[in-house]
Amino acid sequence: MPRAKVKRKSTSIDMTAMCDVAFLLLTFFILTATARQPDPLDIKLPSSSYKIPVPDVDIAKLTIGHGKVFYEVAGKDVKMATLDKMAEQYKVSFTPQERERFGVIQSFGVPMQSLKAFINLPDEAARTKSGLQIGIPTDSLDNQLSAWLLNSRKAVAELHSTAMRVSIKGDAKEEYPVVKKIVDILQKQKINKFSLITTAAGGAK
Amino acid sequence: MAELDTSSGGGKKGGGKVRTKKANTKVDLTAMVDLAFLLITFFMLTTSLSKPIAMDIAKPDKDVKDENRLELRASQTMTILLGKNNKVAWYMGEAGKSQPNIEGFGDIRKSILANKKKVADANGNNPKKTLVVVIKPTSGASYENFVNIMDELNITKITAAPAIDDENITDAEKDFMKKNGIL
């Protein structure tokens, strides 16, 4: 009786299609991933077990660290509208180019007086190095933070007809009175509800 | 797809017919696929996980003199004072009447849960009479302490809105904290 011949099949599979799919997905994820914007202020966020994500639009972000406050409002249109209102209030004029450039600047911490020079610096690295970022003045005589907040709230209300949310990014080691001072400024404008941005804690802490 | 017909080259031994050695051009893609999937995983996780997380804080309106404010019953109020060196002092009831306890952040959760249970038991598990926590961050506290204590309240599921009171820290509380070196 002849032995049944088992046909030996090659065990290697054609990986080409799989490779194609993998790289397609990879490209997609790389392109959709938004690059993490480096914070001009070196802060370490505290962690919490909260799981509520922060919205990306109509939100102002206050970064508090090392006794300084940095400000950012989301959205290019809102940024530009806010700058217009600030310019009017502080009697500084900005050229259309400067407005355009301000629209893409991330978090900043310069007083109004040096904002023009700050905008005209070539790039983000130069801005970080410039030493102009001494924080936004918050004292009661010259409360620019309050003005920024108020003007961006107006801008958000006009452009998107929603209420602007305020979020606070505080350094974990920051002393509470510094944070309280900022919160008091918010409360003076009747912003009694705000979000504290934290990082996710790993497991039960 | 990944194969090419390579019929050139080969051995040049012998004078007659050029024997073409068919080299297998099938590249092993396994390693490449591995790498691709590794990167995919990495990018997938970083895009969804890097979303910042927020905790919503509501503070009482300062200017409004609300006439019908709720009075807190001393028996169901727990006051937590945040001091320096990551220490907290807490007491139940009215200030000055009960001795505050000093604890680190590791133990405060147990205390909150114990007090929550005590209050719930005393009120026959009435959902309207649960533990109310008053947080008083002092000047010695760091921002992290504040976030941590709010987080503890979330973890321990304190349903009554926490009162954040950084204005009315009584002298008795200050004295106690100074005496114990946490202010």
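The model is predicted: local features need pLDDT of at least 70, side-chain atom pairs count only at pLDDT 80 or more, and totals for chains, interfaces and linings use all residues. Residues are numbered from 1 along each chain as its sequence is written, chains are lettered from A and ligands numbered from 1 in the order in which they are written, and side-chain values use heavy atoms, with hydrogens and water left out.

Start where the chains meet. Chain A gives 50 residues to the contact and chain B gives 44. Contact here means heavy atoms within 4.5 Å. About 4500 Å² is buried between chain A and chain B, and carbon and sulfur atoms give 62% of it. Buried area is the accessible area (1.4 Å probe) that two parts lose on being put together, summed over both. On the chain A side, Tyr50(A), Tyr176(A) and Leu196(A) lose the most area to chain B, together 18% of what that side buries.

Charge also links the chains. Three salt bridges are counted between chain A and chain B. A salt bridge is a side-chain nitrogen of Lys or Arg within 4 Å of a carboxyl oxygen of Asp or Glu. Arg165(A) and Asp56(B) form a salt bridge at 3.3 Å, N to O. Over all chains, the count is 12.

Now look inside chain A. Glu100(A) and Lys76(A) pair in a salt bridge at 2.8 Å, N to O. Glu100(A) sits in helix H3 (residues 96-102) and Lys76(A) in helix H2, so the pair ties together parts that are 24 residues apart in sequence. Helices (H or I, at least four residues) are DSSP runs, numbered from the N terminus.

Helix H2 (residues 76-90) of chain A also meets helix H6 (residues 144-160) of chain A. Their axes come within 8 Å and cross at roughly 130°. Axes are lines fitted to C-alpha atoms over the stretch in contact, and angles run from 0 to 180 degrees between N-to-C directions. H2(A) and H6(A) are therefore oblique to each other. Angles under 35 degrees count as roughly parallel, over 145 as roughly antiparallel, 65 to 115 as roughly perpendicular and the rest as oblique.

Chain B has its own crossing. The axes of H2(B) (residues 108-122) and H3(B) (residues 143-155) come within 10 Å and cross at roughly 45°. This pair is therefore oblique. Ile108(B), Arg109(B) and Ile112(B) of H2(B) touch Ile149(B), Glu152(B), Leu153(B) and Ile155(B) of H3(B).

Methods. Helices (H or I, at least four residues) and strands (E, at least two) are DSSP runs, numbered from the N terminus.
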